[in-house]
Amino acid sequence: MNRPSKLKMAAIHAGLMLTCMATLYPVLWVVKMALSPSDSLTLTVNPFPESITLEHFREVLLGTDASGRWLFGRQLLSSLVVSGATTLVGLALAVSAAYALSRFRFPGKEGGMQTLLITQMFPATLMLVPIYSILEKLHLLDSLTGLVLVYATTALPFCIWNLKGYFDTLPRELEEAAVMDGASPAQVFIKVVLPLARPALAVTALFSFMTAWNEFILAATLLNDPTRFTLPVALQRYVGEYKVEWGKFAAGALVISAPVMALFFALQKHLVGGLTAGGVKG
Amino acid sequence: MKRLLALVLLATAWSAQAAGDAAAPLKLWHAYRGGEETAIIQVTQLFTAKTGVPVELLAVPYNAYADKLTNGIPHGAGPDVFIFNHERLRNFHAQHLLAPASKLARGDYFPNALEALEVDGQVYGYPMSLKSLALYVNTKLVPTPPTTTAELLAMLPALSDEKAGRFGFAYENGDFYFHAPFLFGFGGELFDASGKATFNTEGMARSLAFVKKLQDDRFIPQEITGALVKSLFNDGRVAMIISGPWFAGEVAPSVDYRVVALPTVSETGIPLKPFLGVEAAYVSSQSKQAEQAQALARFLSLGEASLVRTTVGRQIPADVAAYQLQAVKDDVLISSFREAAKNATPMPNTLEMLRVWEPMKLALRAVLQGGTEPQDAGALADRRYRALHRERPPDASPLPWLGLVGVMAVGGTVWVMRRPAPTLPFKRRYPDVALAATYLAPASAGILVLVFIPFVVGLSLSLFHYEPGQYSFVGLANFIDILASRGYSISEPLSFYFTLAVTLLWALVNVVLHVSIGLFLALLLKDPLLKLKGVYRVLLIIPWAVPNYITALMWKGMFHQQFGAINGLLVALGMEPVSWFTKFSTAFAANVATNTWLGFPFMMVVALGALQSIPQELYEAAEVDGASKWTQFRHITLPLLRPAMLPAVILGSVWTFNMFNIIYLVSGGEPGGGTDILVSEAFRWAFQRNQQYGFAAAYSVLIFVVLLAWSSFTKRLMRASSEVMG
């Protein structure tokens, strides 16, 4: 392959830099809001703060409730617990189901896959009322367990589809060879298939994590105790009925987005492979 | 896994009930923050010290508060006592959430506060505090506050200079709560003699003309939000604002201000009359400790509690005796608000009142954003009111439906039974069915309980009509109403067909932009010799990692007409600033811009992966054959991308079709519901228009049907493309 000309490279860099600037511009505004001392609004193009204060971050991160409990710490913990558990539960359920759908023959397989897809098309907000009653019957209202179960199951259809698609692309010969060597079906699954599916597992995990980490409508309806709120619910409180505290909202938004960005950064290599491969055979 | 099985067992044992615990503390729910929260905590501690009854406080986020109450209380998961505005009283009452205030003595409170809490002669809830609007005046800029609108108008020119970002006056003029004083001040009525809402009145036209002129003369800013009012007032850039007691805590210490009653309208001699909101402590009808709950609610509203709430929480007590206390008498803010509240009219707690907001908002925005003359706005609101006000359809008999379900079940069984027997026995055809069942069981159980059942319930809800407290079976009436576009012509916002067209356009434009931008960037990034590739890729993925409600609020701010960064950019380039949310085209463009920002990284990542999987030899071979770059792109890249991109495009189109957050938070359906898509419309029917769950469910079913049709179409596309691939 011949070396591309300098000019062409420069053009590519220019194009990418322009899009990066357009991409970062709104983010810089959030940073500016989070760092500016007042919510003062002026018509300006400048996305950099004129004076800097960490006050908003301090209040968001170190705020305590009336009885002196450190709210952010507890909320961070419950967000981590909920998102982590959602990822684990969701992945465990999705992996086995996707494997069965990819490898085994059984009646109702096609229909099941279609049904999974179909349930994704019903607007989620309107499932809220029935979900609430079901959790109430299960005595899981106002509990993180209930939230985890709802998140994990609602993310399942996407996770199963993505993983099934990836499993379909893995050659069966390896599994057959393992069976020849006397491995049990469970061993084949755990020792052969799962390690091969690592990119798709990473992407699916990332998606489950994000679903749980960012969701606030369900969490706000199901949870009652502010010390157990997930972070997005806490963030919502800064945009209240009468009061809107943009500075704190922006600071909170940055804090909430940071871990997801870090995960994206860490998993970005897998992201490219894990997602498309899942898509190829749909 | 064991745990999940246990859950499934639990699900089958639906009738289990939580055992009540008599020694449990009283649960008190509120949505207070800051000083008000501190006050309520102190007050409940006083109560516990006095009576020995512990109180468990819960601060609920405001957005979810009403839903939590209406969901929680009937299920026995609610509070014993809760604090809420009186505005929803009738609604709560219809759902049987409230117990009458049995320990209430009428003489203790202001009569207009009690009036607000009455339903059919019975008082529900103990009035705690009054909320009404008054005039906040920056005393440095305005030494003597205006008492009439003529005085106000005379002051404004000197105080306003739009170019310098200074204004004489500001309030949230697009919100009917803030416009109501003007409507009443100009002699307008909201309800006719029979109690029905009226909009097309003389007073309406005059009040709208007045506020429109304020804006046209540049005395008040445009597209005002609460945050803007606060920021301008605290920067000393606006001299006078209208707001309520809650605003006092928001004023910066550097601003000297005082609060006075709203001025009198010079033309009519009537003062600007704000609505009176009454915050009350309600006792839940399901409270297991009703006696103590009543005692707590009463305690919160009177005596020492009033004093603490006034001095610490800065509330305006509804308790008559509180104003005899020296501390309250000396408090200028409290007494000025009490003074201002004298002119206030209690906001009716009727369902009819709840129906007024959306039509009024439409009329206000239509006038303020231009395009509608003040005298025509009443008719506009009236039309919207009639469209939203759905009469309950006649009950239908569920028998034919049950019959249909029965026939289908029998038919299905017969069909399965009568299928020709398979050539191979079951065991041979599906050798690993037992294994498959083990692998599938946990996921299926979860999906069945938490996805499939809610889905079926949602579907069947569309055959019901819901009025607070009860469902009635109405058959297809909801669908008929929607599809016949009853109440509005087909080409108007709010008609199903208009919204559907907008939704399809929305999905199409977004997907095209996502894919083309994503693909373009992927092509730029694919060059293996490109330096800084990783950096670019990370930066370009950022929008995907930001939660989309944050994205939406961030862009909403950037599109503000006077203070948004986008208009800043336009002005810097020598162009006129654009009022983004007044025209369909620009509002739609704003939504699209936001959603494009948020959606292209996904397509970029998919395209990058797909590009990497195209063998480099193909290009080399083409090069040898002398194919141009463009020919290579068309004949190698595009066809080979197709199978990988297609599923992503389909997924993306379904996501976009139901992209509620962006529409709801960026344009909010402006102008006049024009940019609403089907999902946001369904949401409005469910949660903003008197909880018409059945109607909303019918909308959802239609969304579902459209997407189903789309998916069966795309399935064919995919099959075709995989055949091409062989």
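At what angle do the axes of helix H22 (residues 533-545) and helix H25 (residues 584-612) of chain B cross, and within what distance do they come? In this predicted model, the two axes cross at roughly 120 degrees and come within 7 Å. H22(B) is therefore oblique to H25(B). The crossing is left-handed. On the H22(B) side, the residues involved are B:Leu540, B:Ile541, B:Pro543 and B:Trp544. They meet B:Trp597, B:Leu598, B:Pro601, B:Phe602 and B:Met604 of H25(B). By class, this contact has 9 nonpolar residues, with no polar and no charged ones.

Helix H21 (residues 496-526) and helix H27 (residues 629-657) of chain B pack at an angle of about 140 degrees. Their axes lie 9 Å apart. Angles over 145 degrees would count as roughly antiparallel. H21(B) and H27(B) are therefore oblique to each other. Their crossing is right-handed. H21(B) contributes B:Thr503, B:Trp506, B:Ala507, B:Asn510, B:Val511, B:His514 and B:Val515 to the contact. From H27(B) come B:Met645, B:Val649, B:Gly652, B:Ser653, B:Thr656 and B:Phe657. The contact of H21(B) with H27(B) divides into 7 nonpolar and 6 polar residues, with no charged residues.

Chain A has 12 helices and 0 strands. Of its 282 residues, 48% are buried. Among contacts in chain A with a separation of 6 or more, 74% join residues 24 or more positions apart.

The largest nonpolar core has 296 residues. A:Ala94 and A:Ile160 have the most contacts inside this core. Helix H6 (residues 144-169) of chain A gives the most to the core, with 15 residues. The surroundings of A:Ile160 were then listed, leaving aside neighbours within four places in sequence.

The interface between the chains was considered last. Here, 107 residues of chain B are in contact with 91 residues of chain A. Helix H19 (residues 433-461) of chain B supplies the largest share of the chain B side, 18 residues. By class, the side of chain B that touches chain A comprises 79 nonpolar, 18 polar and 10 charged residues.

Notes: Residues are numbered from 1 along each chain as its sequence is written. Chains are lettered from A and ligands numbered from 1 in the order in which they are written. This is a predicted model: local features need pLDDT of at least 70, side-chain atom pairs count only at pLDDT 80 or more; totals for chains, interfaces and linings use all residues. Two residues are in contact if their C-beta atoms, placed from the backbone, lie within 7 Å. Helices (H or I, at least four residues) and strands (E, at least two) are DSSP runs, numbered from the N terminus. Ala, Val, Leu, Ile, Met, Phe, Trp, Tyr, Cys and Pro count as nonpolar, Asp, Glu, Lys and Arg as charged, and the others, Gly among them, as polar. A residue is buried if 20 or more other C-beta atoms lie within 10 Å of its own, exposed if 12 or fewer, and partly exposed in between; C-beta atoms are placed from the backbone. A nonpolar core is a set of buried Ala, Val, Leu, Ile, Met, Phe, Trp, Tyr and Cys residues joined through C-beta atoms within 7 Å. Axes are lines fitted to C-alpha atoms, for helices over the stretch in contact, and angles run from 0 to 180 degrees between N-to-C directions. Angles under 35 degrees count as roughly parallel, over 145 as roughly antiparallel, 65 to 115 as roughly perpendicular and the rest as oblique. A crossing is left-handed if the near helix is turned anticlockwise from the far one by less than a right angle, and right-handed if clockwise.
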